[in-house]
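Student: I have a new model open and would like to learn how to read it. Where do we begin?

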Amino acid sequence: QVQLVESGGGLVQAGGSLRLSCAASGRTFGTYAMGWFRQAPGKEREFVAAISRSGIITSYADSVKGRFTISRDNAKNTGYLQMNRLKPEDTAVYYCAVGGELGALTRYDCDYWGQGTQVTVSS
């Protein structure tokens with residue numbers, strides 16, 4: 001029902017910034033909570049941030065709190081992750097996902113996933 005395509009990843013030096021985008025198909029994006037997850041090579045996938053359907057409520061992993069900002073534009077069927085003050089440990093493939101509500105996403109209960117975009121932070 002929903003296809004998600006991430007973009008905006010790349011190579012950046014420590015302390016730099018990147019803005020990831022998650023483009024959703026159709027006009028149903030606003031009916032889903034949206035979140036970002038990441039997975040480094042050989043590591044488990046971890047929750048990064050999530051946002052409610054309305055965009056009013058957000059949740060962040062402690063490791064990114066204060067540095068990353070999740071947002072969405074339902075009129076554009078697009079979600080975003082602004083990443084500032086990046087660290088080498090932020091290096092991972094970042095995935096966008098949507099689900100029924102924010103709480104479910106924080107528990108990795110997602111209905112649809114994107115293909116991921118690589119973020120590499122050099123020291």
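Predicted model: local features only at pLDDT ≥ 70, side-chain atom pairs only at ≥ 80, totals over all residues.

Student: How does the radius of gyration of the protein agree with that of a compact globule?

Tutor: A compact globule of 123 residues would have a radius of gyration near 14 Å. The protein has 13 Å, which agrees. The C-alpha trace spans about 40 × 25 × 25 Å along its principal axes.

Student: What percentage of the residues in the protein is buried?

Tutor: Buried residues make up 46% of the 123.

Student: What share of contacts joins residues at least 24 apart?

Tutor: Count contacts between residues at least 6 apart in sequence. Of these, 60% join residues at least 24 apart.

Student: How far apart are the mean positions of the positive and negative charges?

Tutor: There are 13 positive and 10 negative charges in the protein. Their mean positions are 6 Å apart.

Student: Now the rings. What describes a pair of aromatic rings?

Tutor: Two values do: the distance of the centres and the angle of the planes. Here the count is four aromatic pairs. Take Tyr 32 and Tyr 112. Their ring centres are 6.1 Å apart and their planes stand at 85 degrees, so the pair is edge-to-face. The cut-off for that class is over 60 degrees.

Student: Which parts does the pair of Tyr 32 and Tyr 112 tie together?

Tutor: Tyr 32 lies in the loop between strand 3 (18-24) and strand 4 (33-39). Tyr 112 lies in strand 10 (residues 112-113). The pair therefore ties together parts that are 80 residues apart in sequence.

Student: Are Tyr 32 and Tyr 112 buried or partly exposed?

Tutor: Tyr 32 has 9% relative accessibility and counts as buried. Tyr 112 is at 23%, so this residue counts as partly exposed. The cut-off for buried is under 20%.

Student: What are the distance and the angle for the rings of Phe 37 and Trp 113?

Tutor: Their centres are 4.8 Å apart and their planes are at 55 degrees, so this pair is tilted. The pair also links distant parts of the chain. Phe 37 is in strand 4 and Trp 113 in strand 10, 76 residues apart. Phe 37 is at 0% relative accessibility and counts as buried. Trp 113, at 33%, counts as partly exposed.

Student: Which residues do ring pairs link into a cluster?

Tutor: Phe 37, Phe 47, Tyr 108 and Trp 113.

Student: Tyr 108 is in that cluster. What is its phi?

Tutor: Tyr 108 has a positive phi of about 65 degrees, although this residue is not a glycine. Look for Tyr 108 in the loop between helix 1 (102-106) and strand 10. Its relative accessible area is 41%, so Tyr 108 is partly exposed.

Student: What about the phi of Arg 85?

Tutor: Arg 85 is not a glycine either, and its phi is positive, about 50 degrees. Arg 85 sits in the loop between strand 8 and strand 9 (92-99). At 47% relative accessibility, Arg 85 counts as partly exposed.

Student: How do I read the surroundings of a residue such as Tyr 80?

Tutor: Tyr 80 is in strand 8 (residues 78-83). Its relative accessible area is 12%, so Tyr 80 is buried. Leave out residues up to four places away in sequence. Tyr 80 then touches several others, including Arg 19, Met 34, Trp 36, Ile 70 and Asp 73. Tyr 80 and Trp 36 are 44 residues apart in sequence, yet 8.8 Å apart in space, C-alpha to C-alpha.

Student: Where is Val 64 found, and which residues does Val 64 touch?

Tutor: Val 64 is in the loop between strand 6 (58-60) and strand 7 (68-73). With a relative accessible area of 0%, Val 64 is buried. Not counting residues up to four places away, Val 64 touches Arg 38 and Val 48. From Val 64 to Lys 87 is 9.9 Å, C-alpha to C-alpha. In sequence, Val 64 and Lys 87 are 23 residues apart.

Conventions. Residues numbered from 1 in each chain as written. Heavy atoms only, no water. Rg over C-alpha atoms; globule rule 2.2 N^0.38 Å. Buried < 20%, exposed > 50% of the residue type's maximum accessible area, 1.4 Å probe, protein only. Contact = heavy atoms within 4.5 Å. Lys, Arg positive; Asp, Glu negative; His and termini not counted. Charge placed at Lys NZ, Arg CZ, Asp CG, Glu CD. Phe/Tyr/Trp six-rings, centres within 6.5 Å; stacked < 30°, edge-to-face > 60°. Helix = DSSP H or I, 4+ residues; strand = E, 2+ residues; numbered from the N terminus.
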